[in-house]
Amino acid sequence: MTGGDAGGRLVRPFTLTGGRTRPSRADFTLITTVTAVDPQPTRAARPQPEHLRILRLCAEPVAVAEVAARLDLPVSVVVILLCDLLEADRITARPPRPVSRATPDLDLLQKVRDGLGRL
């Protein structure tokens, strides 16, 4: 059980997701950055309390893993809730930026080697 509230009650994760065990989309990894849309759409249905908690956390860009950690919920549950918010146009999701495979900076590598040699 997880998701304790101020009253000490515990909520099972499947209750938070309406019994769903798989996300509806594959947009999210642990390092996907999510951000709440501002202003929030007025046409969307009223979000559940868990969705509102996520929206507050996502006022500034935050990684999926951090959202899960701050909410003390399994990542799988958070991803399902994030899918709900993405489909309701309440958040944006940005995949991690690819790492450049450019030629390494030889000057930087030389400095690192020299520094390690002085240890």
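Biologist: Which residues is valine 67 in contact with, leaving aside its neighbours within four places in sequence?

Modeller: Those are Val34, Ile54, Leu57, Cys58, Val62 and Val78, where contact means heavy atoms within 4.5 Å. Bear in mind that this is a predicted model, in which local features need pLDDT of at least 70, side-chain atom pairs count only at pLDDT 80 or more, and totals for chains, interfaces and linings use all residues. Residues are numbered from 1 along each chain as its sequence is written, and side-chain values use heavy atoms, with hydrogens and water left out.

Biologist: What makes a set of residues a nonpolar core?

Modeller: The members are buried Ala, Val, Leu, Ile, Met, Phe, Trp, Tyr and Cys residues, joined through side-chain atoms within 4.5 Å. The largest one here has 22 residues, and Val67 is among those with the most contacts inside it. Helix H4 (75-87) is one of the elements that each supply at least two of its residues, and H4 gives the largest share, 8 residues. Helices are DSSP runs of H or I with at least four residues, strands are E runs with at least two, and both are numbered from the N terminus.

Biologist: Why is aspartate 72 called exposed?

Modeller: Its relative accessible area is 58%, and exposed means over 50%, buried under 20%, partly exposed in between (1.4 Å probe, protein chains only). Aspartate 72 is therefore exposed. It lies in the loop between H3 and H4, with a positive phi near 55 degrees.

Biologist: And why does aspartate 89 count as partly exposed?

Modeller: Because its relative accessibility is 41%, aspartate 89 falls in the in-between class.
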